[in-house]
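I opened this model to record its fold, its strand pairing and its charged side-chain pairs. My entries follow the order in which I looked these up.

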Amino acid sequence: MSKDGVTSGSGESRSPTARDDSVVLHEEQATVSKRWAGVGSLRARRRVERGKVRKRFPRDREQLVQERVPVSEGDSGEIETLPDGSISIPLFEEELVVRRETVLRERVVIRKENVTEWQRVQAELRRERVEFERDDSA
């Protein structure tokens, strides 16, 4: 404070002759900050369950089926593919005559046939599960 009892808002003394119509105002401001604080913990565990399975399952496979067919008149004697996808293979044999010659005797038709078999399967199966355990004491 000055001798004449006048102080400015900044704490400085002022003379009464220097007339200033302004007043210095101060204001407080809040500063907010953040920080992480532990509130607990969570533990995850993986558990594996095992179980056995015993069951019959169908399983397809291919096998050959043969059919012997007599030779028809005008047979070419060549391997042929039939309209259904089968293969016709000619078989020859020798026929004894005054002279020897190869004569077409029969054809063998080979085709695929699907056969379903049942096969027993035995296995151990695993299934994983997750368990959570929470600790709020921290």
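The entries below go from the whole chain to single residues.

**Basis.** I worked from a predicted model, in which local features need pLDDT of at least 70, side-chain atom pairs count only at pLDDT 80 or more, and totals for chains, interfaces and linings use all residues. Residues are numbered from 1 along each chain as its sequence is written, and side-chain values use heavy atoms, with hydrogens and water left out.

**Whole chain.** I looked up the secondary structure and found 0 helices and 4 strands in the protein chain, in the order β-β-β-β from the N terminus. Helices (H or I, at least four residues) and strands (E, at least two) are DSSP runs, numbered from the N terminus. Of the 138 residues, 9% are buried; buried means under 20% relative accessible area, exposed over 50%, and partly exposed in between (1.4 Å probe, protein chains only). I noted an accessible surface of about 13,100 Å² for the protein chain, 48% of it belonging to carbon and sulfur atoms; the method is Shrake-Rupley with a 1.4 Å probe, and for residues only the protein chains shown count as cover. Of the contacts (heavy atoms within 4.5 Å) between residues at least 6 apart in sequence, 68% join residues at least 24 apart.

**Sheet.** I traced an open sheet of 4 strands in the order E1-E4-E3-E2, with antiparallel pairing. E1 (41-70) and E2 (80-81) stand at the edges with a single partner strand each, so one side of each has no neighbour in the sheet. Two strands pair if DSSP finds at least two bridges between them. E1 pairs with E4 (residues 101-135) over 30 bridges; among the facing residues, Val65 stands opposite Arg111, and Arg47 has Arg129 as its bridge partner. E3 (residues 87-95) is joined to E4 by 9 bridges, with Glu95 opposite Glu101. E3 and E4 form a hairpin with 5 residues between them.

I looked up Glu106, which lies in strand E4 and counts as buried because its relative accessibility is 12%. The Glu106 side chain makes a polar contact of 2.6 Å with the side chain of Arg68. A polar contact is a pair of N or O atoms within 3.5 Å; within protein, one must be able to donate a hydrogen and the other to accept it, and residues adjacent in sequence count only if both atoms are side-chain atoms. Arg107, also placed in strand E4, is buried at a relative accessible area of 7%. The Arg107 side chain has polar contacts with the side chains of Asp75 (2.7 Å) and Glu80 (3.2 Å).

**Salt bridges.** I found 15 salt bridges in the whole structure, each a side-chain nitrogen of Lys or Arg within 4 Å of a carboxyl oxygen of Asp or Glu. Arg46 and Glu128 form one of them, with the closest N and O atoms 3.0 Å apart; this pair links strands E1 and E4 across 82 residues. Arg46 is exposed at 59%, whereas Glu128 is partly exposed at 44%. Arg47 and Glu131 form a salt bridge at 3.0 Å, N to O, from positions 84 residues apart in E1 and E4. Arg129 forms a salt bridge with Glu49, also at 3.0 Å. Lastly, I recorded a network of salt bridges linking Arg68, Glu93, Arg105 and Glu106.
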